[in-house]
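Subject: The structure I promised you

Hi,

Here is the structure we talked about, for you to open and look around in. Below it I have written up what turned up.

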Amino acid sequence: IGETKACVAQASLAVRSRSTPAPLKSREPVEGAAAMAATAKHRHKSSCGETDGCCEPPYSPRERPAGSGYYKNAKGPLAAKGTFLNRKLKDRELQAFVIGLTLLSTACLLLSMRSQLKVSPLRLATGECQPVTRERLDGMVYICTGKGCDYSFLCHSINLLRFESNYQGSIYVVSDRQDFISESACDNNRPSYTVVVAPDTPTMMHMKNFKRQLFDLIPGNATSLIYIDADILPVGCLHDFLEHESPKDIGMFLDSWCKGCNKFLGGFVYMRSTDATRECLRDWIEESSSDDFKRYKKDQDAMDSILRKGSVCTTAIHTMSSAYIETFDDNMILPLFGVIRGKTPTFQHFSHGIRELPVWPRIKGNIEAQIEHVYNNASEDDINVQGQRR
């Protein structure tokens, strides 16, 4: 026992020599603790061994093994470990807060931008557009027949074509309406259009077939024409569009991405008077006239049908870039993404879906306010030029 006490005392002295000793009130408690430790080690000889000499304590009294856990008042490595865990937990909470705040801010921003689309639906060109004359394009053609024609919106499209897109060529309106025939529509024909009196149209599909017969209806042996629906508004520079899109036969935009949408948008057709163009248009007329014009309600469905049959249209139609047109859909998703991406379309298509919603009168009123600004800013020289062409 005496030897063991001496061994423990020597080990205790070695530990105190490695670290800075803390002041003790007395040495008796330390020696008592050493005696108890010596008794325990004597019972388990494997801890110290049976040979002479002293064994080293497994660890310093001032240190705790790494696996002994975290205590509130711990010092040294354990205190650092606890601080690290607390910091990591707080960092995760902060990250979750930042992510939630970012998502909320983004949602609010998107809703604000979507509301702004109702206030300023048209994304008008910011600079002055270069003029496009008849030498570049023989004509832009609209069709307005019967009571179903929204002639006011058609007039908006013509005004924008003249005073925003700076088209100085011929504009034709195929119509059976007296207000167009008498040229009293569109503020007494201020933008200068030419009326082509439409033949009788017993069905809607008869009227739609006019756009496939334009080279026979439009005077002057036109060789290049663009048919455009009244619900498509020119908002950008026509010159820029024609610089990049010049189809050999027919040019069409893809239809909007949606359930039940067609391959191509039938409301905009850029056509040149070629053999392939005329053959494609004949195939389209024959298919859309099937069953005495009763098989199809949409002429795009007839187009899809002849494309599946391998019509010459499959090679004659050039798909034009969707960068030049934007559909203003009923959910306003496409124009919202267009604004986010900074898209600058030449044409905006206000689809049937958005025009059926209760919010449409408000949107249309804001469109008219924007167009009125363009209309009023048109110089007298521009208006006089259009008047001379009449």
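Let's start with the sulfurs: Cys144 and Cys149 form a disulfide, with their sulfur atoms 1.6 Å apart. (A disulfide here is a pair of cysteine sulfur atoms within 2.5 Å.) The torsion about their S-S bond is about -105°, so this disulfide is left-handed. Both Cys144 and Cys149 are buried, where buried means under 20% relative accessible area, exposed means over 50%, and partly exposed is in between (1.4 Å probe, protein chains only).

Before you go further, keep in mind that this is a predicted model: local features need pLDDT of at least 70, side-chain atom pairs count only at pLDDT 80 or more, and totals for chains, interfaces and linings use all residues. Residues are numbered from 1 along each chain as its sequence is written, and side-chain values use heavy atoms, with hydrogens and water left out.

How many disulfides does a search of the whole structure find? There are 4. One of them joins Cys129 to Cys237, S to S 2.0 Å. Its S-S torsion is about -75°, so that one is left-handed. Cys129 lies in the loop between helix H4 (77-119) and strand S1 (139-144), and Cys237 in the loop between strand S5 (232-234) and helix H10 (238-244), so the pair ties together parts that are 108 residues apart in sequence. (Helices, H or I with at least four residues, and strands, E with at least two, are DSSP runs numbered from the N terminus.) Cys129 and Cys237 are both buried.

Another disulfide is formed by Cys155 and Cys186, with sulfur atoms 1.9 Å apart. The pair links distant parts of the chain, 31 residues apart: Cys155 sits in helix H5 (residues 151-163) and Cys186 in helix H7 (residues 185-189).

Now for the strands. S9 and S10 pair in the parallel sense over 4 bridges, and two strands count as paired if DSSP finds at least two bridges between them. Ile325 stands opposite Phe347 in S10. On the way from S9 to S10 the chain passes through helix H15 (residues 333-341), and this β-α-β crossover is right-handed: with the strands pointing away from the viewer, the path from the first strand over the helix to the second runs clockwise. S5 joins S10 too, antiparallel, by 3 bridges.

In a regular strand the side chains alternate between the two faces of the sheet.

Thr327 is buried, at 13% relative accessible area. Its side chain makes a polar contact with the side chain of Ser256 (2.9 Å). (A polar contact is a pair of N or O atoms within 3.5 Å; within protein, one must be able to donate a hydrogen and the other to accept it, and residues adjacent in sequence count only if both atoms are side-chain atoms.)

Last, the rings. Phe241, Phe253, Phe268, Tyr270, Tyr324 and Phe347 are linked into a cluster by ring pairs. (Rings of Phe, Tyr and Trp, with its six-membered ring, pair if their centres lie within 6.5 Å; planes under 30 degrees apart are stacked, over 60 edge-to-face, and the rest tilted.) Phe268 and Phe347 are both buried.

Cheers
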